[in-house]
Amino acid sequence: TTTTTTTTTTSLASSNTPTTLPDFGSSDEYLEYLSTVSSLPRGFATGTASGTFISPEAPSMGELPIRGTVIHLTGGEPTHNWAAVFTKNKF
């Protein structure tokens, strides 16, 4: 099993994306624009991890890619509120 982890923490400021977006000549221009107008609300951080796994249901498929994203509350105060999204693949 191979695992690569990338963690990204955004600034604590919050900003809204305009309702009308400008035209972009490339995906790089679009991503650069997003970095200037979209940040997470105060108290939030995100992280992603990628890796591989072997499915117990279909081991003959070998190593399959997997990627996960976590949103972390960094406000400092404990909370009993949480949410989760689970997916299920069907063959």
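Select helix H1, residues 27–37, and pick out leucine 31 within it; helices (H or I, at least four residues) and strands (E, at least two) are DSSP runs, numbered from the N terminus. The model is predicted: local features need pLDDT of at least 70, side-chain atom pairs count only at pLDDT 80 or more, and totals for chains, interfaces and linings use all residues. Residues are numbered from 1 along each chain as its sequence is written, and side-chain values use heavy atoms, with hydrogens and water left out.

Leucine 31 counts as exposed because its relative accessibility is 52%. The classes are buried under 20% relative accessible area, exposed over 50%, and partly exposed in between, with a 1.4 Å probe and protein chains only.

Now show the whole chain as a cartoon. The protein has 1 helix and 3 strands, in the order β-α-β-β from the N terminus. Of its 91 residues, 10% count as buried.

Move to strand S2, residues 44–54, and select glycine 47. Glycine 47 is buried, because its relative accessible area is 17%. Its C-alpha atom is separated by 6.7 Å from that of isoleucine 71, 24 residues apart along the chain. Also in strand S2 is alanine 49, which is partly exposed at 29% relative accessibility.

Select glycine 68 in strand S3. Glycine 68 is partly exposed, at 33% relative accessible area. Glycine 68 and glycine 47 are 21 residues apart in sequence and 8.4 Å apart, C-alpha to C-alpha.

Finish at the largest pocket, which holds about 500 Å³ of space. Its lining has 16 residues, with Thr69, Ile71, Ala83, Ala84 and Val85 nearest its centre. Strand S3, residues 63–73, gives the most to this lining, with 7 residues. (A pocket, on a 1 Å grid over the protein atoms alone, is an open set of points where a 1.4 Å probe fits, with protein on both sides within 12 Å along at least five of seven lines; lining residues have an atom within 4 Å of a point.)

Key: Points joined across faces, edges and corners; volume = space filled by probe spheres on them.
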